[in-house]
Amino acid sequence: MKLSLLAVAAAAATAGVLTFAASPPTGDSAASAAQKAPEFTSIDRWFNSPPLQLEDLRGKVVLVDFWTYTCINCLNHLPYVKDWNEKYKDKGLVVVGVHTPEFAYEKSARNVQDAIDRLQIKHAVAQDNQYATWRAFGNQYWPAVYLIDKRGKIVYSHFGEGSYGATEKKIQALLAEQAPAAPSTGG
C-alpha cells in the first residue's frame, strides 16, 4: 500500500511539473480577441524617458518587453529588442522595457541604471518593483514581449527566447497598418 501511495504521489508530482513547464500560448491574437492593453501601473521610476502612458501612444506600435538584468534569457533576447528599437523607432515603434525584478537587489534604481548603461539600452525602461504592471498584463515570464497595435490592443505576445523573425514580421505588419482615425469632437 505504501508503494502505491508513493507511485500515485510521484505521478501527480510529475504531472504537476509537466503542466507547469508547458509552454504558454504565444503568437497573434485574432482581432476580435485582442484586448485593450493595460496602462503602465505604479512604476517606481522611468529611465531613458519621461513617464509614458499607453493612452498617449495611440497611433504608434508599442513593444512591451518584460525583463530583468540578471536573467540570462533576457540578456540573450535583449540584442533583438535593442535592434528593433534602432530599426523602427523612426517608423512609429516605441519600445518600453519593463524591468520587473526577480531578486531583491534588482529593485535598486542604481543597479538598474548601471545595467542600462552597461548593456547600452537606449529605449525607455520602466522600473516595476511592485509587479503592478506585470500583474496588469497578466504576465508570468522573463522575457516576455507584447505588441500593441495603433489602436491600443495587444495583438501579439511571445514568452521566452526565440521567434525573433516572427516577432519582427509582426512589428513590420503593424507599422504598415493605417493609423486609426482621430475621434470627431462634434461641434
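Visitor: What is the volume of the largest cavity?

Guide: In this predicted model, the largest cavity has a volume of about 40 Å³. The structure holds one cavity of 30 Å³ or more.

Visitor: What makes this space a cavity and not a pocket?

Guide: A 1.4 Å probe fits there but cannot get out, so the space counts as a cavity, whereas a pocket is an open set.

Visitor: Which residues line the largest cavity?

Guide: The lining consists of Ala-37, Leu-54, Leu-57, Arg-58, Val-62, Ile-148, Asp-149 and Gly-152. By class, five of these residues are nonpolar, one is polar and two are charged.

Visitor: Why is Cys-71 called buried?

Guide: Buried means under 20% relative accessible area. Cys-71 has 9% relative accessibility, so Cys-71 counts as buried.

Visitor: What about Cys-74, buried or exposed?

Guide: Cys-74 has a relative accessible area of 2%, so Cys-74 is buried. Over the chain, buried residues make up 43% of the 187 residues.

Visitor: How many disulfides are there?

Guide: The count is zero.

Visitor: What elements make up the chain?

Guide: The chain has five helices and eight strands, running α-β-β-β-β-α-β-α-β-α-β-β-α from the N terminus.

Terms used. Residues numbered from 1 in each chain as written. Predicted model: local features only at pLDDT ≥ 70, side-chain atom pairs only at ≥ 80, totals over all residues. Heavy atoms only, no water. Helix = DSSP H or I, 4+ residues; strand = E, 2+ residues; numbered from the N terminus. Buried < 20%, exposed > 50% of the residue type's maximum accessible area, 1.4 Å probe, protein only. Disulfide = S-S within 2.5 Å. 1 Å grid on protein atoms, 1.4 Å probe; cavity = no way out; pocket = protein on both sides within 12 Å on 5 of 7 lines; lining within 4 Å. Points joined across faces, edges and corners; volume = space filled by probe spheres on them. Nonpolar A, V, L, I, M, F, W, Y, C, P; charged D, E, K, R; others polar.
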